[in-house]
Amino acid sequence: MRLVSGIKRYSCFFYLALFLLASSSFFVFLVSSNSKVTFEQCEKLGLPILEITTENYKSVKSKEKYINASYEFSGAENLGGNHSGKCKIRGHGNSTWNTTFTQKRPYLLKLSSPAELLGLPAAAKWILMANACDRAMLRNYYAEYLTHNVWDRMRWNPSSKYITLFLNGKYLGLYGLTEKVEVEKNRVEFEGEGFLAEIDSHEGRPYKFISNSGIRFNIRSPKSSQENYEKWAAKIQSLEDVLYSEEWKGGEGYKKYFDMDSFVDWYLLAEFSKNYDAKFYNSVFMNYDYKTEKLYMGPSWDHDIAFGNSAKSSTFSSVYGSPMSSNAWINLFYFFDPLKNSTAAGDYDGFLINQSHWYNRLFADEEFVALVKDRWQEKRKELWDSIEWLRKQGEALDAAAELNDSVWHILGSAAWPRVPGYRKRKTYKSEVDFLVEWCEKRFLWLDFILR
């Protein structure tokens, strides 16, 4: 019996060891925890440095409970000046916080009073974006650039500034200081009543519901009463009912209630980036303004697994559409060949966003299709030029990104997502080159279809 018991105990330890070795995130944690980067090294990078010190040096272990802290910026003379004060900090995010995909975590910073940071408009809440799933650490930043400089007709979109983050004296790497998506002054604003809704598959939201077409909504902001949440949810459902009604193209149809400019621009960014989450799955925001009686798409958010950084394939979960009857293909791509044009999120060719849910319905309207094509023509040169801007941003971040990798070791590693070829891309420059090349090929494919 002792021999059998010993074998069982040995087997348990053996399989546990295999699991830990197979877990890339655990291996990254072991390596990163022993790495040291000094404040002086980071000063040479030329980026603002944010130092956060928690009360009694407590570790940030929860995304529900805040910890009292203080913060101080240095090296920000060219971005509105240095700043310091009291704050609170907690964890932030869904997959990037709750899973073993990564060990580099995002945080939510809540200042004791609203303040301008790094030249961005005053607010109390700020996201410290880890960009841990994006080896180029550029995808969210590039999407923001596009919303402000190319597809700029959404009501508001966040901006970010790159920083070096220290928490309780320990270097945590290259982060983005990002404006939080919320109904607040200098963020999503309404003159009267309005609300921000999000399509999101995660649990734990204040108020959530599933629409008649099977979309998982939650009312994200502002915080309000149960009565208001129910009223706002009913408003969204009534608009979806209009979209799928028999008279949906007429004078009392969806165009009376949907802001066409924002719906077109949001779509073009989501489709160009081939953002898997934007398939009405996660982090899809829209806002309703009772004064204008319009529903607006946006803000645009969460592009870390966009721009070729995913190997996921399309799914067709809408009860109103199927892959072989996609309105997108019927109206845009008359020689559809499913063997040549991929719906996989990581491939540069093929449609993704317009093949399911609301956008599949919208692409059955010739007027909406014409708006998409016209907007593409209007902005195609600016979009092409933006890819060169992206390349230059990668060059400017090279030293900071390599220093970040000296701690987190994500370049060339098996850290998620494992996009084909990741083993060979062992330098930051190689990841930037991969991103730039994907954007160029994606542009050329869409330009051929939409011209």
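**A walk through the model**

Start by selecting Asn-56, which is exposed, with a relative accessible area of 63%. Keep in mind that this is a predicted model. Asn-56 sits in the loop between strand 1 (49-54) and strand 2 (67-74), and its phi is positive, about 60°, although it is not a glycine. Now click on Tyr-57, in the loop between strand 1 and strand 2. Tyr-57 has a positive phi too, near 55°, and at 60% relative accessibility it counts as exposed. For background, most residues other than glycine have a negative phi, and most peptide bonds are trans.

To find the largest one, select Asn-140, Tyr-141, Glu-144, Ser-160 and Thr-178, the residues nearest its centre out of a lining of 18. Helix 5 (139-149), strand 6 (160-167) and strand 7 (170-179) each give two or more residues to that lining, with helix 5 supplying the largest share, 5 residues. Colour the lining by type and you get 7 nonpolar, 9 polar and 2 charged residues.

Move on to helix 7, residues 260-273. Just after helix 7, Lys-274 takes a positive phi of about 50°.

Finish with two prolines. Pro-299 lies in the loop between strand 12 (294-297) and helix 8 (327-332), and the peptide bond to it from Gly-298 is cis, with omega near 5°. Pro-417, in the loop between helix 10 (366-408) and helix 11 (428-450), is joined to Trp-416 by a cis peptide bond with omega about 0°.

Key:
Residues numbered from 1 in each chain as written. Predicted model: local features only at pLDDT ≥ 70, side-chain atom pairs only at ≥ 80, totals over all residues. Heavy atoms only, no water. Helix = DSSP H or I, 4+ residues; strand = E, 2+ residues; numbered from the N terminus. Expected span 1.5 Å × (residues − 1). 1 Å grid on protein atoms, 1.4 Å probe; cavity = no way out; pocket = protein on both sides within 12 Å on 5 of 7 lines; lining within 4 Å. Nonpolar A, V, L, I, M, F, W, Y, C, P; charged D, E, K, R; others polar. Buried < 20%, exposed > 50% of the residue type's maximum accessible area, 1.4 Å probe, protein only.
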